[in-house]
Amino acid sequence: MMFDKLWFVAARQKPVREGGLRRKGALANARASAKKQNHMKGTLTDQPLAELIREISSKSLSGTLRLEHERAQTAVYFEKGQIVYAASNLRTLRLRKYLSKRGLVSEKARAGLENNLSDLALAAALSSTGTLKQEAIDALLAILVVDVLRVALLWTEGTWDFNERARLNDPVSVEVDTPNLLREAAQRMPLTFVSQRFRNPSETISRSSEVPRTSHFLPAESFVLSRLDEPIRLDELISVSGLTEPEAQRIIYGLALSGLVEREYWQSAFRAGSAKTNKEQIAARATADATRSEQQQTANWTSASIEDVDLEEFLQRLKKATNHYEVIELSPRAQTSKIKEAYYAMARRYHPDRFHLKSGTRLHAQISSAFALVTQAYETLTDPNARAAYDQTLERARQFAQSAAKAAKPDPAASLTDDLELDVDPSEKEVGRAEYSFREGLGALQQGRIRDAMTHLAIASRLEPQEARYRAHYGRALAADENTRRLAENEIQAAVKIEPANAAFRIMLAELYFELKFHRRAQTELDRALALEPNNATAHSLLRKLQKSRKVG
């Protein structure tokens with residue numbers, strides 16, 4: 001990793017007023033006390049950046065928070081609890097590097113600028129020379145600041161130093177969607193580290209009096225919030241969350257950091273400042289949301305001009321892609337190393353986190369959905385066994401299409417979602433693709449080829465989201481893998497919602513709950529299934545297992 005000299009902007013020191021103290025000893029004590037109160041230090045192991053930001057925000061503190069992790073350094077500037085700027089000494093997180101990567105300034109123009117300028121000084125130079133419009137510079141700085149914070153938020157080792165008297169000289173204030181940023185950070189932190197942030201299983205967790213507007217919740221986040229109609233003990237909330245303890249703690253931690261839920265115990269890092277009341281926090285958050293919304297509307301064109309100009313082309317290409325190789329833009333003969341390189345290149349340019357300014361919009365949802373296909377392709381093609389099985393599936397699909405479409409020329413790149421080139425309207429053709437993928441997935445599921453089953457059933461569910469059997473069996477495939485089991489509930493519940501009178505889907509849900517040891521939920525779904533089909537043998541068999549399990553327990 002490359003490092004550059006840290007060129008943070010100079011911070012002005014405000015003198016401490018001593019009032020009417022005259023005695024030399026008293027004056028020295030007052031100075032020492034003021035210095036201690038305005039200058040605090042600690043370790044990131046005890047107080048990670050996410051918790052420091054939360055506390056600084058709640059106490060409306062102003063000043064500079066400096067972090068050091070190995071050789072990397074970051075400075076975060078606050079005004080009345082709001083993040084206004086952040087800078088790093090990592091060369092990849094410097095403004096000059098961003099200008100180069102995005103091709104916003106020609107190499108000749110960059111060469112004419114001093115190498116040792118701070119990011120803000122460089123921004124001022126770009127503006128004064130007319131090289132870039134101020135709106136474009138502001139939008140790029142916003143992206144850069146959030147990227148700096150994303151990196152530092154993952155540091156769990158190192159030191160921090162907060163100085164209330166150190167302020168930013170330059171008149172800059174970058175808008176940061178702090179609540180969503182902290183929620184995202186919690187999802188990327190190590191599970192073991194997050195678990196250590198909860199030391200009292202009996203602490204009370206409650207929902208904030210007013211949940212502010214935010215980007216789309218994860219299914220698990222929505223479920224946890226739905227269980228907080230009234231304050232509840234942490235251990236009880238974990239038990240009803242439907243998640244493993246570490247996963248539940250991560251979700252709760254992220255919601256608490258972003259102010260969506262309140263914890264009874266936080267480890268305090270700062271002695272100075274008084275916490276805002278709930279009403280003040282809500283009012284300040286509402287004002288910030290309104291301001292951010294207005295600025296977002298006027299800055300949309302600027303952000304679009306700065307972010308990757310080929311985003312629309314990427315989304316359109318993904319829509320037309322018919323197999324994993326087309327998604328990743330490589331030949332079926334590509335080596336694993338090339339697949340990894342292609343994936344990381346796409347991640348750098350199209351990962352949803354890079355478009356955080358569009359959070360909550362339809363475009364951001366499209367980006368997230370598209371990149372999910374990229375991730376699925378990467379995971380399948382970098383696993384030798386999964387790739388071999390997938391290639392066999394592609395070959396069978398090609399042979400099927402070749403033999404059925406007698407008059408049509410075979411397409412060597414035909415995918416598992418290709419249908420016969422028959423004279424049918426597009427909607428009929430799309431339904432045919434979904435059904436074919438479903439049958440392939442169901443066959444793979446019955447043969448125990450779980451990864452293949454997930455791939456095919458996911459395609460069927462995406463093409464026909466209102467087809468209950470597609471969603472239910474996709475849920476069964478997800479339930480077969482520990483890493484995706486928590487997503488299975490959403491799919492099977494969707495099937496039950498579409499066809500509430502289908503006993504088979506309710507039994508699938510009961511089986512999932514039984515495997516997760518949610519016996520009460522399993523009993524409820526079995527009761528509903530038996531009410532629909534009193535003589536269902538599968539339901540009675542599962543009921544006996546459930547009763548036996550309870551006796552043993």
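# Close-up views

**View 1. Helices α7 and α11 cross in a right-handed manner.** A crossing gets this name if the near helix is turned clockwise from the far one by less than a right angle, and is called left-handed if anticlockwise. This is a predicted model, in which local features need pLDDT of at least 70 and side-chain atom pairs count only at pLDDT 80 or more, while totals for chains, interfaces and linings use all residues. Residues are numbered from 1 along each chain as its sequence is written, and side-chain values use heavy atoms, with hydrogens and water left out. Helix α7 spans residues 178-188 and helix α11 residues 245-257; they pack at an angle of about 160°, with axes 8 Å apart. This makes α7 roughly antiparallel to α11 (over 145 degrees; under 35 is roughly parallel, 65 to 115 roughly perpendicular, the rest oblique). On the α7 side, look for L182, R183, A186, Q187 and R188; R250, I251, Y253, G254 and L257 meet them from α11. By class, this contact has 5 nonpolar, 2 polar and 3 charged residues. Here Ala, Val, Leu, Ile, Met, Phe, Trp, Tyr, Cys and Pro count as nonpolar, Asp, Glu, Lys and Arg as charged, and the others, Gly among them, as polar. Axes are lines fitted to C-alpha atoms, for helices over the stretch in contact, and angles run from 0 to 180 degrees between N-to-C directions. Contact means heavy atoms within 4.5 Å.

**View 2. Helix α5 packs against α6.** If you zoom in on α5 (residues 119-128), you will find an angle of about 160° to α6 and a distance of 9 Å between the axes. That makes α5 roughly antiparallel to α6. The crossing of this pair is right-handed. From α5, the contact uses D119, L120, A123, L126 and S127, and from α6 it uses Q134, I137, L141 and L144. These residues divide into 6 nonpolar, 2 polar and 1 charged.

**View 3. L126 is a buried residue of helix α5.** Its relative accessible area is 1% (buried means under 20%, exposed over 50%, partly exposed in between, with a 1.4 Å probe and protein chains only). Not counting residues up to four places away in sequence, L126 touches L99, V105, L113, T131, L132 and I137.

**View 4. The largest nonpolar core has 81 residues.** Such a core is a set of buried Ala, Val, Leu, Ile, Met, Phe, Trp, Tyr and Cys residues joined through side-chain atoms within 4.5 Å. Its members with the most contacts inside it are L65, L67, Y85, L141, W160, F162 and F270. Helix α6 (residues 134-152) gives the largest share, 11 residues. A second, separate core of 40 residues includes L478, A479, A503 and L530.

**View 5. Helix α16 packs against α19 with a left-handed crossing.** Helix α16 covers residues 362-381, and the two helices make an angle of about 160° with their axes 11 Å apart. They are therefore roughly antiparallel to each other. L373, Q376, E379 and T380 of α16 are in contact with R451, M454, T455, A458 and R462 of α19. By class, these residues divide into 3 nonpolar, 3 polar and 3 charged.

**View 6. A460 is buried in helix α19.** This helix runs over residues 450-463, and the relative accessible area of A460 is 0%. Leaving aside neighbours within four places in sequence, A460 is in contact with A434, S437, F438 and Y470. The C-alpha atoms of A460 and G441, 19 residues apart along the chain, are separated by 8.6 Å.

**View 7. K80 and K517 have positive phi values.** Neither is a glycine: phi is near 55° for K80 and about 65° for K517. You will find K80 in the loop between β4 (72-79) and β5 (82-88), and K517 in the loop between α22 (503-515) and α23 (519-532). K80 is exposed, with a relative accessible area of 64%; K517 is exposed too, at 66%. Helices (H or I, at least four residues) and strands (E, at least two) are DSSP runs, numbered from the N terminus.
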